Amino acid sequence: MYHAKPLNKGDCDDGSPKQGNDVTGIRTSFSMIFAMAVTLWPFAASADFRKSDLKADPSGQFYCDETMDWCFGLAQKPSNAGEGHTPLLLVLRDGKEVTRQEIILGKRRHDGNGGWRKTGIWPHRFHDPQRRGAFLMGIVTTTTVGYSGGGASVAMLSLIRVDPTSGNNPTGTPPVLGMVATVPLEASKMIRACFSEQDVIDRHQVCHDEYDFEASITPVSDVGAQVGDDDAGQGNMPSLQYVVRASRFPPNADLGTDSSVRPPLNKQEMVRAPDLACSFDAVFRFDRKAQLYETDLPIEGCETYLIP
């Protein structure tokens, strides 16, 4: 199961005035609020699992941990359906390839919208401090769509469980890979809002409506509190803290209305506003029997952001 915590208006507003037409500054201010919200989450960071960075190796083809013990890369193979390519996850250990596996990312709701799709290694992993046993890494799939005078992109994170010693397999056998969750990671959308010189004047030369979605995912301290099995034996996965903050500029931006019929913007409206309908905190727990995280998300209010 997951625990979701809805937000109140005060959770996203620091009370300071943010006026003017410096949209970059507005975006930066909101990012600072987002970072504060992650820091103030009531769960402590997990003492049992840590989030560490993966960095590109000298070839630029693999992302590796700091000891170069584990490295991950992607190759492509033609899809069985004859449409596009399917990613192959390549896993290196101590510089040697130990396995490669086709990763079925699944068809997204927005795939029919056209655009471009690219996949890449998520530059982080979750592991225990001793770097033993199963851990989590990820693949990010980004879909980008171009509009006339704007565009949109959505990035989805697929978490992969890597188990070096699954079951009774001795060390040295190929690790077992399994996808355990797919969640939205980031999204943005820019919609053209100026179609005449008067529109440019009315909007103070800021001629796009903007929508932004940011998510953070981190292991939390209640590792072992898993669904489907009370045994805290081999293969435990941490619970995951998932924090979402969405915003729009200007505050009255609405995909369902024509921007040209809205009243002119005043200076007080030149601010990026939190969207509480798509801002929430959740905790995912690992279902050991299903070998998946339970990630039924309260994202009914997020379709504006997640469908390009």
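A residue is called buried when its relative accessible area is under 20%, exposed when that area is over 50%, and partly exposed in between, with a 1.4 Å probe and protein chains only. By that rule, 44% of the 308 residues of the protein chain count as buried.

This is a predicted model: local features need pLDDT of at least 70, side-chain atom pairs count only at pLDDT 80 or more, and totals for chains, interfaces and linings use all residues. Residues are numbered from 1 along each chain as its sequence is written, and side-chain values use heavy atoms, with hydrogens and water left out.

**Overall make-up**

The protein chain has 3 helices and 18 strands. Helices (H or I, at least four residues) and strands (E, at least two) are DSSP runs, numbered from the N terminus. A contact means heavy atoms within 4.5 Å. Among contacts in the protein chain with a separation of 6 or more, 65% are between residues 24 or more positions apart.

Five strands make an open sheet in the order S3-S4-S5-S6-S7, with antiparallel pairing. Strand S3 (55-56) and strand S7 (96-102) are at the edges with a single partner strand each, so one side of each has no neighbour in the sheet. Two strands pair if DSSP finds at least two bridges between them. Strands of a sheet pair through backbone hydrogen bonds.

| Strand pair | Sense | Bridges |
|---|---|---|
| S4 and S5 | antiparallel | 2 bridges |
| S5 and S6 | antiparallel | 9 bridges |
| S6 and S7 | antiparallel | 6 bridges |

Some partners can be named. Tyr 63 stands opposite Phe 72 in S5. Leu 74 has Leu 89 in S6 as its bridge partner. Strand S6 (residues 85-93) is mostly covered, with 7 of its 9 residues buried. S6 and S7 form a hairpin with 2 residues between them, and Asp 94 in the turn has a positive phi of about 55°.

**Two cores**

A nonpolar core is a set of buried Ala, Val, Leu, Ile, Met, Phe, Trp, Tyr and Cys residues joined through side-chain atoms within 4.5 Å. The largest has 36 residues, and Phe 213, Ile 217, Tyr 242, Phe 284 and Tyr 293 touch the most other members. Several elements each supply at least two residues of this core, including strand S12 (176-192), strand S13 (208-219) and helix H3 (303-306). Leaving aside neighbours within four places in sequence, Tyr 242 contacts residues including Val 183, Phe 213, Ile 217, Phe 284 and Leu 297. A second, separate core of 14 residues includes Phe 72, Phe 135, Ile 139 and Val 162.
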